[in-house]
Amino acid sequence: MVNCCGLVTVKNEPVPLKSIAVEVSVQGHVATVSSTLQYENQEQSPLEAIFVFPLPGEAAVCRFSAKIGQTEVVAEVQEKQKAQEQYDDALSSGQQAFLLEESDESPDVFKLSVGSLPPGEKASVSLDYVTELAVQADDGLRLCLPAVLNPRYQPQGSDSGSGGSAQVSSVPAGSVPYSLSLSAHVSSPHPISRVESNCPLDPLNYLNTEKTQATVSLAAGHQFDRDVELLLYYQDTHQPTAIVEAAQASAKPGSLMGDPVVMLSLYPEFPKDVMSSMTSHGEFLFVVDRSGSMECPMHLGSGSLDRISSARETLLLLLKSLPMGCYFNIIGFGSSYESFFPKSVEYSQKTMDEALQMVKEMRADLGGTEILQPLKHIYSQPCLPDQPRQLFLFTDGEVGNTKEVLDLVKTNAGSHRCFSFGIGEGASTALISGVAKQARGHAQFITGQDRMQPKVMQSLRFALQPAVVDISVKWNVPKEVSVTLLSPPIRVIFQGQRALLYAQLTGESSGDTEGSVTVKYSLAKQPVENQLSFSLKPAEDTGMTVHRLGARTLIQSLEVEEREQDGEKEGAKEKVIELSVQSGVSSAFTAFIAVHKGDGEALQGQLLRRHVPTPMLYHSSMLMMQSCVMPLCSPTVMACNLQMSASDLDDLEVFGYDYNCSEDFDSPAPTSKPVRDPLLQLISLQKASGSWVLEAALAEVLVKTEEEVSKPKPAQVDQEVWATVLALVWLYGFKMEAQEEWQFLAMKAVSWIQAQKVASVSECVQAGNTLLGCQVQKDTLGL
């Protein structure tokens, strides 16, 4: 390991970045994030500092400024090549200049260039962005501040040498030579219940008795070993809301910034009878990242499973939860890809057993992360009649060709839905959120101490919900007002999930100040209608947040359109540049540029370039760091380092064990027998039909002997029915906290029991309660 003394990079060069201070202002469902970066040149020559860093994929960068001494220079948005030329010209003439640009490959990576800092000079750079907060499974709103930038794997043969490519200099997270401070001000129309984080926080401070305003700060000493995640919980978060934001006074009426903009948050609620009917059709394709980085632990600290082990456990749960009558396949990908079956197979006991055996043997042994080829292969396969295709994509999201992947998914969006899962710190938000958005699915991020299973089962619930079709949106506004939609049309609606719409309102009504929007759709052949009324009178000053988010939404749609045209038509690109310059929001074709003229004297001395290092995740040994952050690292490194051979790993039972990673990977592996998780053990015993068999392994989970389990069985009841009732009573009696994980396999078990037409179910449940010491009611089981 390189010994970093003072502010130096891995190459022992001084680092000019000293600190990052972040202020967050949350208003309901949106946040404005202001970051200030302090630079200082401690060298003897003029300096150029390059800093490559991640931002949320949906963020709209809307302000960029630099302060040198007492002088502040506010950047302007220009066409990207023009901005780059102006920056180079300023540096060559000895002036100070600042350039902020989006990476050509991925919209969630930015490059900041700070040029010609004279010896001993200090400069602070501020950038603001606005972003929507994603709704989580437990109704929390998630704000993620990416601190970790994982290496992005660039597929062979792709152009990685383009001007906008970001060359990343990195150091292990614990050696980052600059500090981070963060404070947040939260304001909501509904009371704030609590704020949680994966990082230590100072206590929440309420600013009023209604608890609708509060402040919270990150505790001092952040280590850059993880992304900073804030989870905000409001009371009545599922209420639909509308915010109308006034026009910018200086902008021309009729333009986007010169008209009011409305943001609608819709929460469609489905009828209960429809929600209880899960579909039994579908082609389920589980696409799993098997690149070397999946060998990393889910989180730093003892007792963490590695990512591939967590993926294996999740696949066990998914395979047990699938409905009879559907089709499925599992595809692993890295530098190459492998399918479990040549084409999707019907779900049965035989195919499930074959798949589970292959899942047990699955390793993170396929090299780099190339996602494009397996997706092309999937899209080349014809869809099965009456089996809607549902794609589940698991990856730690480290690819360099994000835009190419998103374009491919969008082209094939009509044939499938995609549910994506970003695993671990530093997963690309642009990739994970983007594929779900383009393919009418849902995105989840699994970070810190999160368990993968509950989040995946929530997405399976969405996938098994009846599909919403024929979605239409009708605006009802006074005749003097016209509505221009900034968002793409709503193409997917899930129960309890928010749909956001942005629209520009042109013209003014002399009388009526009310408007409404009606969303109609068909669900399980039933027409459903949701309506939301709103005042056309603009709210108090919201700092143009809604306008900028609306502009970013429209810019992203136009960027995709431009890539589809492959530059053949100028229309979309020109519109993006015009909209980006007018709204002050970043895009793929523009950049922020600020030039400080100073006293006009050219700087003396050779200009040095310094790459500010970005944190990468690592563990306590260099070998561990290599296996995590080098995409093409041999997977055997981990086995050697754990003092196990690859064959030793194969001999371990994969499912149901909790591997305790030793803190020091140079010490011998622990010899004590791994602890078995009884829930996973019970799940692994269930048959594809939903039933359990009366056997020694089931008795072991119930902590009974075979005789103790067999004896109380009511005489007229079949052994398989008795075993299945016992499994259900045990789940409801002892594992309610994990119900999200086993709810579908329990539903299958209930359906199977009902199909057996058992006369004495009540007697069975009573006997099961007595045996296991539970008090579970028959109605609770769904029987």
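Modeller: A salt bridge is a side-chain nitrogen of Lys or Arg within 4 Å of a carboxyl oxygen of Asp or Glu. The structure before us is a predicted model, and everything said here is read from that model.

Colleague: How many salt bridges does the structure hold?

Modeller: There are 13 salt bridges in the structure. One of them joins the side chains of Asp104 and Lys80, with 3.0 Å from N to O. Asp104 belongs to the loop between strand S7 (96-102) and strand S8 (109-117), while Lys80 belongs to helix H1 (residues 80-92), so the pair ties together parts that are 24 residues apart in sequence.

Colleague: Which residue forms a salt bridge with Glu283?

Modeller: The partner of Glu283 is Arg389, and their closest N and O atoms are 2.8 Å apart. This pair links distant parts of the chain, with Arg389 in strand S24 (residues 389-395) and Glu283 in strand S20 (residues 283-289), 106 residues apart. Arg389 is buried, with a relative accessible area of 4%. Glu283 also counts as buried, at 4% relative accessibility.

Colleague: Which residue does Arg290 meet in a salt bridge?

Modeller: Arg290 meets Glu338, the closest N and O atoms being 3.2 Å apart. Here too distant parts of the chain are linked: Glu338 lies in strand S22 (residues 337-339) and Arg290 in the loop between S20 and helix H3 (307-321), 48 residues apart. Glu338 counts as partly exposed at 39% relative accessibility, whereas Arg290 is buried at 7% relative accessible area.

Colleague: Let us turn to sheets. In what order do the strands of the open sheet of four strands stand?

Modeller: In general, strands of a sheet pair through backbone hydrogen bonds, either parallel or antiparallel. In this structure, the open sheet of four strands runs in the order S10-S11-S17-S14, and its pairing is antiparallel. Strand S10 (134-135) and strand S14 (192-197) are the edge strands, each pairing on one side only. Between S10 and strand S11 (residues 141-145) there are two bridges in the antiparallel sense. Val135 is found opposite Leu141 in S11.

Colleague: Where is Gly434 placed, and what does Gly434 touch?

Modeller: Gly434 is placed in helix H7 (residues 429-438). At 9% relative accessibility, Gly434 counts as buried. Leaving aside residues up to four places away in sequence, Gly434 touches Leu406 and Thr429. The C-alpha atom of Gly434 is separated by 8.0 Å from that of Gly57, although the two residues are 377 residues apart along the chain.

Notes. Residues are numbered from 1 along each chain as its sequence is written. This is a predicted model: local features need pLDDT of at least 70, side-chain atom pairs count only at pLDDT 80 or more; totals for chains, interfaces and linings use all residues. Side-chain values use heavy atoms; hydrogens and water are left out. Two strands pair if DSSP finds at least two bridges between them. Buried means under 20% relative accessible area, exposed over 50%, partly exposed in between (1.4 Å probe, protein chains only). Contact means heavy atoms within 4.5 Å.
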